Amino acid sequence: MKNKSKGGNFGMSLKWEYEELFESFMEDYLSYRISNMSDSESLARTYNVYEAIQNQGEMEKAIIHIIYGELLLKQSKVLVTAKETTKKELLSLDLNKLKNVVTDEQFKDLLIRRDRTLQEIDTKPLDYYPVVRWGYFEMTNNVREYFQNQNFEACSEEDIVNNVLERFKRDCRNTSSESITVKTTLAELLLLNNIRANEYIRVIKSELEQFDLNDIGEQLSEDEKRDLSSRIKDVLRKL
């Protein structure tokens, strides 16, 4: 039995198979990722789709919170409330109930994955800003990758810049940290590739000059802020 996912109607009477639920959750998560959403937004949206499923039984609860926790560990920082909730849910699993609804091999797999998540989640840097968004280095790398994949022979310099800004327009509207990271990274790439899209450069330069690091608040760590500040100063010196 295969359930329709990505916002589909999960009937409460439907029963899930062990591997099927893991696969379905991951499939939906990856579908959000390829829709140009950040790791944190993709995970949050996927969890919202599956949130009610955990009430169907102890197996469903265990699987959803274990895979959610494993995907949290892949993020550069973990939202403090997500960490606390995940630990609480994993520690509240009724192992006696769980043992009665899965095979011995599945039970062992769930325990290993649960314990690994509980151990490793305490080592992750914490994020205190309650808005899902791209991480600083994650965003920087995404802009660089998208820029490098442009067709430089077929596109004008202005088209290339416009393509990048259009691709990340939604993210730039989300938080000030995402916006300034996109603009700083794009400016670095324009300088590196000797692209003189003058009107775009004028606008980007003005934004970087007016940017106040205090506007970011807790969106970036102190190390990330220092790195960003250094990059902005270097770009403005070269423009």
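A crossing of two helices is called right-handed if the near helix is turned clockwise from the far one by less than a right angle, and left-handed if anticlockwise. Keep in mind that you're looking at a predicted model.

**Exercise 1. Describe how helix α7 packs against helix α10.**

Step 1: Get the geometry. The axes of α7 (residues 136–148) and α10 (residues 176–192) come within 9 Å, crossing at roughly 40 degrees.

Step 2: Name the arrangement. Angles under 35 degrees would count as roughly parallel, and 65 to 115 as roughly perpendicular, so α7 is oblique to α10.

Step 3: The crossing of α7 past α10 is right-handed.

Step 4: See who touches whom. Among the contact residues are Tyr-136, Met-139 and Phe-147 from α7, with Val-182, Leu-186 and Leu-189 from α10. Sorted by class, the contact has eight nonpolar residues, three polar ones and three charged ones.

**Exercise 2. Work out where the partners of the Lys-77 and Glu-224 salt bridge sit, and whether each is buried or exposed.**

Step 1: Check the pair. N to O, the two side chains are 3.2 Å apart in their salt bridge.

Step 2: Lys-77 belongs to the loop between α3 (58–73) and β1 (78–79), while Glu-224 is in helix α12 (residues 222–238).

Step 3: Judge the burial. Buried means under 20% relative accessible area. Lys-77 has 15%, so Lys-77 is buried. Glu-224 is buried too, at 9%.

**Exercise 3. Sort out the pair of Arg-33 and Asp-39.**

Step 1: Check the pair. This salt bridge has its closest N and O atoms 2.5 Å apart.

Step 2: Judge each partner. Arg-33 is partly exposed at 24% relative accessibility, whereas Asp-39 is buried at 17%.

**Exercise 4. How many salt bridges does the structure hold?**

Solution: There are 21 of them.

Definitions and conventions
Residues numbered from 1 in each chain as written. Predicted model: local features only at pLDDT ≥ 70, side-chain atom pairs only at ≥ 80, totals over all residues. Heavy atoms only, no water. Salt bridge = Lys/Arg side-chain N within 4 Å of Asp/Glu carboxyl O. Buried < 20%, exposed > 50% of the residue type's maximum accessible area, 1.4 Å probe, protein only. Helix = DSSP H or I, 4+ residues; strand = E, 2+ residues; numbered from the N terminus. Axes fitted to C-alpha atoms, helices over the stretch in contact; angles between N-to-C directions. Parallel < 35°, antiparallel > 145°, perpendicular 65-115°, else oblique. Contact = heavy atoms within 4.5 Å. Nonpolar A, V, L, I, M, F, W, Y, C, P; charged D, E, K, R; others polar.
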